[in-house]
Amino acid sequence: GTITNSATSGVGIMGRENEVTLEDVHIEGIEFGEAELGEGVHLFAARAALIDVSSIRNAGAGVLVEQSTLSAQNLRVDQNGGPGMVLVDSREGTQIEMLSALENTGAGALVLQGFAAFNQPVIQGTHAGLGVGPGDGLSAAFGGTINVQGGQSDENAGSGFSVLPGSHGVF
């Protein structure tokens, strides 16, 4: 299915103990709405699987994960006004296979106070943005942990991979 030109979130999954699956969904053009959110997909205190999902050209992040567990395969988060992905306090077991994060602002993917494993990510052309980040491809900060297997991070305004003090990374 396709979700376009909405406000706040293209898809919001909140407070779900049972896993919710989104498969073969295209989200594009989500604008800032309530609480200044403009994310393609927003998970809060939930478990979700994203399979063959694209979340592109949104005002905010392509995917925002808060206090949730995410399993993703073939996830495309390109040309967003914020980071391609933001994971805040993401839970152990969060895994992203085959991420495409091209030309986002702030970071291709940013993990804060949580955990995420990335297998074969392709992150390119991340732009720096005031208030959203220096343009790192993949970054762990504020106690975040990233585990990266394969993939590439090229032509970003900041570092290809960044692990800030108090955070952890395995490459």
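Reply: Take the contacts between residues at least 6 apart in sequence: 49% of them join residues at least 24 apart. Keep in mind that this is a predicted model. One example of chain parts coming together is Gly-12 and His-42, which sit 30 residues apart along the chain while their C-alpha atoms are separated by 4.8 Å. Gly-12 belongs to strand β2, residues 8–28, and is partly exposed at 47% relative accessible area.

As for the overall build, the chain has 15 strands and zero helices. Its C-alpha trace spans about 35 × 30 × 25 Å along the principal axes. The radius of gyration is 14 Å, which agrees with the value near 16 Å that a compact globule of 171 residues would have. Of those 171 residues, 50% count as buried.

Now to the salt bridges. Searching the whole structure turns up three. In general, side chains of opposite charge can pair when their charged atoms come close.

Start with Arg-57 and Glu-28, whose side chains meet at 3.0 Å, N to O. This pair links distant parts of the chain, 29 residues apart: Glu-28 is in strand β2, while Arg-57 lies in the loop between β3 (38–56) and β4 (63–66). Arg-57 is partly exposed, with a relative accessible area of 40%. Glu-28 also counts as partly exposed, at 22%; the cut-off for buried is under 20%, so that value falls outside it.

Next comes Arg-76 with Asp-78, where the closest N and O atoms are 2.7 Å apart.

The remaining pair is Arg-91 and Asp-89, with 3.0 Å between the closest N and O atoms. Arg-91 counts as partly exposed at 34% relative accessibility, and Asp-89 is partly exposed too, at 27%.

Val-163 is placed in strand β14, residues 161–163, and counts as partly exposed at 34% relative accessibility.

How values were computed:
Residues numbered from 1 in each chain as written. Predicted model: local features only at pLDDT ≥ 70, side-chain atom pairs only at ≥ 80, totals over all residues. Heavy atoms only, no water. Helix = DSSP H or I, 4+ residues; strand = E, 2+ residues; numbered from the N terminus. Buried < 20%, exposed > 50% of the residue type's maximum accessible area, 1.4 Å probe, protein only. Rg over C-alpha atoms; globule rule 2.2 N^0.38 Å. Contact = heavy atoms within 4.5 Å. Salt bridge = Lys/Arg side-chain N within 4 Å of Asp/Glu carboxyl O.
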